[in-house]
Amino acid sequence: MSMFLSGTDAQKDRYLRQLCEGKKLGAWALTEPNAGSDAAHIRTTATHEGDSWVLNGSKMWITNGSFADVLVVFAANDRSLGARGGVTAFIVEKDFPGFKVGKVEPKMGLRASHTASLFFEDCRVPQENVLGQVGAGFATAMQTLDIGRCGLGASSLGAAKEAYELSVKYAIERQQFGRAMADFQAIQFKLADMAVKIYAMEQMVYDCAKKVDRGENATLESSMVKLFCTEAASQIIDEAIQIHGGMGFSRELPLERMYRDARVTRIFEGTNEIQRHVIASELLKRAGHKIKLY
Ligand SMILES: Cc1cc2nc3c(=O)[nH]c(=O)nc-3n(C[C@H](O)[C@H](O)[C@H](O)COP(=O)(O)OP(=O)(O)OC[C@H]3O[C@@H](n4cnc5c(N)ncnc54)[C@H](O)[C@@H]3O)c2cc1C
């Protein structure tokens, strides 16, 4: 997405086309061991030398980092300017000398995807692989997250719908006390609460997606979508497990995997605490009161 937003035609032609066609795999590297929520204080450095840039530092928790052919990497080119002005995005190919993949993290969920540490030791990146303007990398990262957070809302909606549909089916099929589980009000109320949340999630996701599609600023809405949908999906999957009783806890059904996979959605793409901060700061800004985290 960063490449779509900030790439030159030549960069899109060289990299984005193949990424979209599935011929190459990409990764997006912002987080570092000492800069997670505080992404403005990344320590990976970029030094301009002749017709290239030299990257030094490390990244952590990078999805697809161990497989990626092409990576968008954020580095500080001038710390004195702070994040807005002093961070630049670079397109790094996996074969660039000085780029190394570190440990692949053993994770609670999302086990179909690798999450790895990355190292840059005098990694030389040609000038034409600067993504966007020098110093505009942090803005690109934030714009990318605005879009990604809306997408995460959509994937949470999908998972919630699956959990709900499995629950309705099970509640009708499963008999206890000589009746379908769906005949018990306690189960009906759970299904009703799940359906209400799903309805709200769907409206929010589509409203936000329309704004993103129209190219409007969706910082507030995408944070709201990320926050609400990831929390609602976690609650819905949890209730789905409850409706399934012991079977919900069994690996025979997909629910225990969905429960584990959902957990990280409240952590990545900016934790939900950070989303609350973004939402409050956007609302207070509109009311004429500026608070600054980044
Ligand atoms: C599976 C997985 C995949 C990921 N993929 C990527 C990727 O592809 N690319 C990438 O760049 N990153 C990726 N990440 C990193 C992810 O974005 C970070 O883990 C996340 O931003 C949180 O940073 P942290 O883990 O350093 O937690 P920390 O920032 O150390 O936060 C720890 C806790 O403190 C809270 N906290 C921190 N600051 C504040 C504050 N000001 N106010 C209130 N609470 C606060 C947080 O909300 C959290 O609860 C991934 C992470 C995971 C787990």
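Residues are numbered from 1 along each chain as its sequence is written, and side-chain values use heavy atoms, with hydrogens and water left out. In this predicted model, local features need pLDDT of at least 70 and side-chain atom pairs count only at pLDDT 80 or more, while totals for chains, interfaces and linings use all residues.

The largest nonpolar core holds 26 residues. A nonpolar core is a set of buried Ala, Val, Leu, Ile, Met, Phe, Trp, Tyr and Cys residues joined through side-chain atoms within 4.5 Å; buried means under 20% relative accessible area, exposed over 50%, and partly exposed in between (1.4 Å probe, protein chains only). Ala163, Met201 and Ile236 touch the most other members of this core. At least two residues come from each of helix H4 (137-173), helix H5 (185-213), helix H6 (219-244) and helix H8 (255-263). H6 provides the largest share, nine residues. Helices (H or I, at least four residues) and strands (E, at least two) are DSSP runs, numbered from the N terminus. Leaving aside residues up to four places away in sequence, Ile236 is in contact (heavy atoms within 4.5 Å) with Ala160, Ala163, Tyr164, Met194, Lys197, Ile198 and Met201. A second, separate core has 20 residues, among them Ala35, Ala89, Ile91 and Phe138. In soluble globular proteins, nonpolar side chains tend to be buried together.

Strands E1 and E4 run parallel and are joined by four bridges; two strands pair if DSSP finds at least two bridges between them. Gly26 has Val70 of E4 as its bridge partner. One face of E1, with Ala27 and Ala29, is covered, whereas the face with Gly26 and Trp28 is uncovered.

Four aromatic pairs occur in the structure. Rings of Phe, Tyr and Trp (its six-membered ring) pair if their centres lie within 6.5 Å; planes under 30 degrees apart count as stacked, over 60 as edge-to-face and the rest as tilted. Trp28 and Phe74 are edge-to-face because their planes stand at 65°, with ring centres 5.1 Å apart. This pair links distant parts of the chain, 46 residues apart, with Trp28 in strand E1 (residues 26-29) and Phe74 in strand E4 (residues 70-76). Trp28 is partly exposed at 26% relative accessible area, whereas Phe74 is buried at 0%. Phe177 and Phe184 also form an edge-to-face pair, 6.0 Å centre to centre and with 90° between the planes. Phe177 is exposed, at 75% relative accessibility, and Phe184 is partly exposed, at 21%.

Glu93 belongs to strand E5 (residues 87-93) and is buried, at 19% relative accessible area. A polar contact is a pair of N or O atoms within 3.5 Å; within protein, one must be able to donate a hydrogen and the other to accept it, and residues adjacent in sequence count only if both atoms are side-chain atoms. The Glu93 side chain makes such contacts with the side chains of Arg14, at 3.0 Å, and Tyr15, at 2.5 Å.

Asp122, in strand E7 (residues 115-126), is exposed at 54% relative accessibility. Apart from residues up to four places away in sequence, Asp122 touches Val54, Leu55, Asn56 and Pro97. Asp122 and Ile236 are separated by 114 residues in sequence and by 47 Å in space, C-alpha to C-alpha.
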